[in-house]
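This report describes helix packing, aromatic pairs and one further set of contacts. Please consult the sequence and the structure while reading.

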Amino acid sequence: MVFTTPIFLFAFLPLAIVLEALARHRMRTAALTALSLVFYGWWRPDFVLLMVFSSTVDFVAGRR
C-alpha cells in the first residue's frame, strides 16, 4: 500500500483516524501499532512476524 493509492486515501486513512479518535487513551498505542502492522503487512506480509518480534524485544529491553 502506498500513501497515494485510493485504497489508502479512502479506506485505510479514514479508518485509522476514526480508530485513533475512538480509542481510549491507554489503547491508542496498541491501535496505532496494529494499524502500522496492517499497513506494512499489506506490502510484505512475511515481514510482519519479524516486526512483531523486533518490537517485542525492543519493548522488553526498554522496560529493563
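How many aromatic pairs does the count come to?

## Basis of the description

The model is predicted, so local features need pLDDT of at least 70 and side-chain atom pairs count only at pLDDT 80 or more, whereas totals for chains, interfaces and linings use all residues. Residues are numbered from 1 along each chain as its sequence is written, and side-chain values use heavy atoms, with hydrogens and water left out.

## Aromatic pairs

The count comes to six aromatic pairs. Rings of Phe, Tyr and Trp (its six-membered ring) pair if their centres lie within 6.5 Å; planes under 30 degrees apart are stacked, those over 60 edge-to-face, and the rest tilted. One of the pairs, F3 with F39, is stacked, at 5.3 Å centre to centre and 20 degrees between the planes. Because F3 lies in the segment before α1 and F39 in helix α2, this pair ties together parts that are 36 residues apart in sequence.

F3 is exposed, with a relative accessible area of 55%, whereas F39 is buried at 12% relative accessibility. F39 also pairs with Y40 in an edge-to-face arrangement, 5.3 Å centre to centre with 80 degrees between the planes. Y40 is partly exposed at 45% relative accessibility. Here buried means under 20% relative accessible area, exposed over 50%, and partly exposed in between (1.4 Å probe, protein chains only). Ring pairs join F3, F8, F12, F39 and Y40 into a cluster.

## Packing of α1 against α2

Helix α1 spans residues 6–22 and helix α2 residues 28–43; they pack at an angle of about 165 degrees, with axes 9 Å apart. Helices are DSSP runs (H or I, at least four residues), numbered from the N terminus. Axes are lines fitted to C-alpha atoms over the stretch in contact, and angles run from 0 to 180 degrees between N-to-C directions. The two helices are therefore roughly antiparallel, a term for angles over 145 degrees.

From α1, residues I7, F8, F12, A16, L19, E20 and A21 meet R28, L32, L35, V38, F39 and W42 of α2. Contact means heavy atoms within 4.5 Å. By class, this contact has eleven nonpolar, no polar and two charged residues. Ala, Val, Leu, Ile, Met, Phe, Trp, Tyr, Cys and Pro count as nonpolar, Asp, Glu, Lys and Arg as charged, and the others, Gly among them, as polar.

## Contacts of V48

V48 belongs to helix α3 (residues 48–63). Leaving aside neighbours within four places in sequence, V48 is in contact with L37 and G41. V48 and L37 are eleven residues apart in sequence and 6.3 Å apart in space, C-alpha to C-alpha.

Key:
Parallel < 35°, antiparallel > 145°, perpendicular 65-115°, else oblique.
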